[in-house]
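This briefing is for a reader who is new to the structure shown below. Please keep the sequence and the model in view while reading.

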Amino acid sequence: MTIDRKSMLKDDDTLSEADSTDSFSTSPPKKEKAVTGRGVTLGMLMADGVMEAGEGCLTIEYLGRKFTADLMENGKIFWPQESQVFNSPSAWAIHIKSILNPGKRSGCGWSSVKYKGMKLDMVKSQWFRNMKIPYLDDENSHDNSSLLENGSDSPSRLAGSEADEEEALKGDEKRPHPPVSEVTRHLKRKIPDENDNDTGEHYRKRSGGYPMHTKVVQYSSLGKKSENRDPSILVKCLSFKEQGKLQPFTFSITTNCLLIVDFHCHLTTSEVLGYLAGKWDPESQHMSILQAFPCRCRLGDQSGGASVEADIQRSMRSRGLQLVGWYHSHPCSPAQPSLRDIASQMDHQLKLKGDGMSYQPCVALICAPYNLHKATKDSQMKAFWVMPPAEDKASLYGMPMDMTFSCQQDIFLTQEVLAEMKHLVEYYKDCSDMVQLKEKWFEGDTFLDKLKGSLSKKFPKDRSDKRLLDFIDSILS
């Protein structure tokens with residue numbers, strides 16, 4: 001039996017079906033044609049990763065008062081105070097201003113609404129520069145009507161704003177640098193302390209419209225399931241010992257498998273997905289995870305994903321391996337499952353469990369290569385399993401349980417592992433979201449130094465560090 005990748009991609013922390021095409025592969029407007037800001041929408045900026053949906057990320061200050069709204073995944077604005085939806089920044093801005101100043105009937109929302117502290121016209125102008133699109137500063141593009149998407153981009157205003165932005169980033173020198181692409185570089189913010197209750201404004205990675213959560217909540221705080229709860233909220237895994245229970249099965253993971261997972265997750269700022277294959281021994285109740293199979297396709301790519309999954313299924317069968325789990329990355333977040341991860345894992349457990357003698361468990365592995373709160377070179381790895389709620393408490397969320405595992409060091413590195421590393425580099429090398437490995441990560445180390453430091457703990461017995469590190473240099477150069 002296999003996990004249905006289509007449902008996995010849909011339920012996991014991925015792009016929605018409507019956003020299935022990766023934004024960085026979308027062809028930008030023709031560079032030779034200058035355009036104005038009049039045709040740019042919030043939806044366009046979200047599609048290219050410059051903005052992302054989130055609660056309370058939009059603000060406007062007027063006549064001494066501050067108002068907050070949510071950016072919806074469809075590019076519209078939701079104002080919780082009156083439960084209203086607005087099609088554009090200007091529509092929301094005019095509505096707010098008319099409340100405090102009834103005579104106000106016009107205004108440019110792009111110059112008065114802020115996204116995570118940055119004026120929208122600055123975000124839009126940065127998008128033009130990142131996409132290398134010439135644009136005209138249309139002096140008449142200020143919104144004097146109401147609901148039309150428009151706005152002007154004034155270089156004179158942006159100059160001071162960019163200087164302030166650079167100044168604001170100087171306080172982050174003691175933290176590891178997030179592996180941002182050029183498109184999202186200007187969205188860096190002060191990173192809150194991991195244990196701070198005030199998350200504040202902080203850097204958010206490009207994640208297909210889903211916010212990057214750095215705060216981890218306790219399972220006990222969740223309560224009953226709610227459609228209004230953000231599915232990307234991270235939840236701290238519980239230990240079986242604290243629950244007075246034993247781990248339902250034991251398992252081990254080979255170093256070759258962990259090396260592929262870690263290498264895959266280091267290469268891109270986008271979330272990645274892959275499968276875990278191995279053997280399940282029903283007598284000893286032990287699972288041996290022997291090999292990782294990365295999905296070399298974009299999350300949400302249904303057509304391409306079907307072909308990739310078919311190839312992986314054939315590879316597993318030819319090696320006599322069983323599907324025993326899946327892995328995905330949290331590029332800059334802690335290695336704790338989100339509500340969406342918990343729901344996905346529960347679905348996969350049900351699909352693989354079988355009946356009676358055919359029972360087979362399924363585990364999930366999260367790799368966090370660039371957790372912004374951690375300056376260690378080692379990636380965070382978290383394996384978890386979901387304990388379903390009791391039948392009389394079906395309205396509760398499944399309980400994410402921390403699964404301990406042993407690491408089995410391989411004797412040698414197979415040619416399959418080396419080939420897979422080459423294929424991964426080839427797949428991501430021309431993508432805008434590939435990590436710039438030569439850039440600074442922390443103190444005197446580059447992102448490449450960080451990657452090598454993490455992989456060095458997963459080397460096989462017969463391979464000297466220098467030989468494998470030279471191989472990594474050769475495929476990344």
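At 53% relative accessibility, Ser83 counts as exposed, because exposed means over 50% relative accessible area, buried under 20% and partly exposed in between, with a 1.4 Å probe and protein chains only. The model is predicted, so local features need pLDDT of at least 70 and side-chain atom pairs count only at pLDDT 80 or more, while totals for chains, interfaces and linings use all residues. Residues are numbered from 1 along each chain as its sequence is written, and side-chain values use heavy atoms, with hydrogens and water left out.

**Residues with positive phi**

- Most residues other than glycine have a negative phi.
- Ser83 has a positive phi, near 50 degrees, and is not a glycine.
- Ser83 sits in the loop between strand S3 (77-79) and strand S4 (84-86); strands are DSSP runs of E with at least two residues, helices are runs of H or I with at least four, and both are numbered from the N terminus.
- Lys116, also not a glycine, has a positive phi of about 55 degrees.
- The place of Lys116 is the loop between strand S5 (113-115) and strand S6 (118-119).
- Lys116 counts as buried, at 10% relative accessibility.

**The protein as a whole**

- The protein has 12 helices and 18 strands.
- It has 477 residues, of which 51% count as buried.
- Its accessible surface comes to about 22000 Å², and 50% of that belongs to carbon and sulfur atoms; the areas come from the Shrake-Rupley method with a 1.4 Å probe, and for residues only the protein chains shown count as cover.
- Among contacts with a separation of 6 or more, 69% are between residues 24 or more positions apart; a contact means heavy atoms within 4.5 Å.

**Helices H7 and H10**

- Helix H7 (residues 255-266) packs against helix H10 (residues 415-428) at an angle of about 10 degrees, and their axes are 10 Å apart.
- The axes are lines fitted to C-alpha atoms, for helices over the stretch in contact, and the angles run from 0 to 180 degrees between N-to-C directions.
- H7 and H10 are therefore roughly parallel to each other; angles under 35 degrees count as roughly parallel, over 145 as roughly antiparallel, 65 to 115 as roughly perpendicular and the rest as oblique.
- On the H7 side the contact is made by Asn256, Leu259, Ile260, Phe263 and His264, and on the H10 side by Val417, Glu420, Met421, Leu424, Val425 and Tyr428.
- By class, this contact has eight nonpolar, two polar and one charged residues; Ala, Val, Leu, Ile, Met, Phe, Trp, Tyr, Cys and Pro count as nonpolar, Asp, Glu, Lys and Arg as charged, and the others, Gly among them, as polar.
- H7 is mostly covered, with 12 of its 12 residues buried.
- The 12 residues of H7 reach 16 Å from the first C-alpha to the last, close to the 16 Å expected at 1.5 Å a residue; the expected span is 1.5 Å times one less than the number of residues.

**Helix H9 and Leu339**

- Helix H9 (residues 339-352) has 14 residues that should span 20 Å at 1.5 Å a residue, and its end C-alpha atoms are 20 Å apart, which agrees.
- H9 is mostly covered, as 10 of its 14 residues are buried.
- The buried residues of H9 include Arg340, Asp341, Ile342 and Met346.
- Leu339 lies in H9 and counts as buried, at 7% relative accessibility.
- Leu339 and Pro400 are 61 residues apart along the chain, and their C-alpha atoms are separated by 9.3 Å.
- Not counting residues up to four places away in sequence, Leu339 touches Leu222, Arg229, Asp230, Pro231, Ile233, Val235 and Tyr397.

- Ser111 is found in helix H4 (residues 109-112).
- Ser111 is partly exposed, with a relative accessible area of 21%.
- Ser111 and Ser90 are 21 residues apart in sequence, and their C-alpha atoms are 9.0 Å apart in space.
- Helix H5 (residues 120-130) is mostly covered, with 10 of its 11 residues buried.
- Among the buried residues of H5 are Asp121, Lys124, Trp127 and Phe128.

**Strand S1 and Glu55**

- Glu55 lies in strand S1 (residues 54-62) and counts as exposed, at 60% relative accessibility.
- Glu55 touches Asp70 and Asn228, not counting residues up to four places away in sequence.
- The C-alpha atoms of Glu55 and Asp70 are separated by 4.4 Å, and the two residues are 15 residues apart along the chain.
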